[in-house]
Amino acid sequence: ERLKMTFDARAEKSTNMMSARLLRLMATKRTNLCVAGDLRSSAAVLRLADAVGPYICVFKTHVDALDDFSGQFGPQLCEIAKTHNFLIMEDRKFGDIGNTVSLQYGAGNFSVAAWADLVTVHALPGPGIIDGLVSCLETHRAHLKDRACFIVAEMSCKDALTTASYRSEAMKLAETRVDFVAGVVSQSASGIPSPGLIQLTPGVRAGVNGTPQSDSDGLGQQYNSPRHVVLERGADVAVVGRGVTEAPDSAEAAKFYRDLLWEAYLERVSE
Ligand code: BMP
């Protein structure tokens, strides 16, 4: 069964090169933590990536929320990723027709395809959105082999419209396009069709130093503990944003989350 398999064993089963690469990275580096670097300045995001780098498998960005994005951001983040061995995910949540996402992915101010190993994609437009992203890479003849996406199948926020049937259609889309789909963003493992697909789960926060676990942020976000998302909800990679960025010491916090998440993973695959 998928959830009982080790990341290494699942890498063997993976038909997508980037999901195999990420699963192996997680197994080697012994981390299933993704930090969401949702800060306002490029320097602060780069500083954070460098500080948490040793403890993460993926660093997730929202570059359209930066006050001062410049063309140097991507290459600088890639350098830090190389130093600490993690992948970069731009959480763009593409959601338009193929032609438009192709433009948004490869061009514009952000040139996401040039520096982000992974991107997120809404399932809403159907298979055409995957075609759009792939055609962008083909046009530029670059990165066809070292890029992939995660399909947002289910959202963490209260009253999200990602119903059970939407979720199951999104899983089908992931399965039919494993050429470019490395995984799904989801709150549970049900219906994930293949052991090679990676479940990325946001909405994770723990009580640190005796402070109580908060279960929401006042704007609809819903939090679960690291242990709960890995053991009860099937998270392979858990996303922690403010749990790390609002902590007094982000490296310390990342280490704390890494330890809890990895311990839960070991418990899940043991026996
Ligand atoms: P935080 O841990 O601070 O709540 O941040 C969660 C991060 O995960 C944010 O970057 C958000 O955009 C992202 N996210 C989410 O919270 N829920 C989803 O369903 C999908 C997401 O990408």
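Visitor: How many salt bridges does the structure hold?
Guide: In this predicted model, where local features need pLDDT of at least 70, side-chain atom pairs count only at pLDDT 80 or more, and totals for chains, interfaces and linings use all residues, the pairs are taken by a distance rule. Residues are numbered from 1 along each chain as its sequence is written, and side-chain values use heavy atoms, with hydrogens and water left out. A salt bridge here is a side-chain nitrogen of Lys or Arg within 4 Å of a carboxyl oxygen of Asp or Glu, and the number of salt bridges that the structure holds is 19.

Visitor: Which residue forms a salt bridge with D91?
Guide: D91 sits in strand β3 (residues 87–94), and its partner, 31 residues apart, sits in strand β2 (residues 58–61); strands (E, at least two residues) and helices (H or I, at least four) are DSSP runs, numbered from the N terminus. The closest N and O atoms of the pair are 2.6 Å apart, and the partner of D91 is K60.

Visitor: Are D91 and K60 buried or exposed?
Guide: Buried means under 20% relative accessible area, exposed over 50%, and partly exposed in between (1.4 Å probe, protein chains only). By that rule, both D91 and K60 are buried.

Visitor: Which parts does the salt bridge between E154 and R167 tie together?
Guide: The side chains of E154 and R167 meet at 2.8 Å, N to O. E154 is buried at 18% relative accessible area, and R167 is buried at 7%. Because E154 and R167 lie 13 residues apart in sequence, the pair ties together the loop between β5 (148–152) and α8 (164–176), and helix α8.
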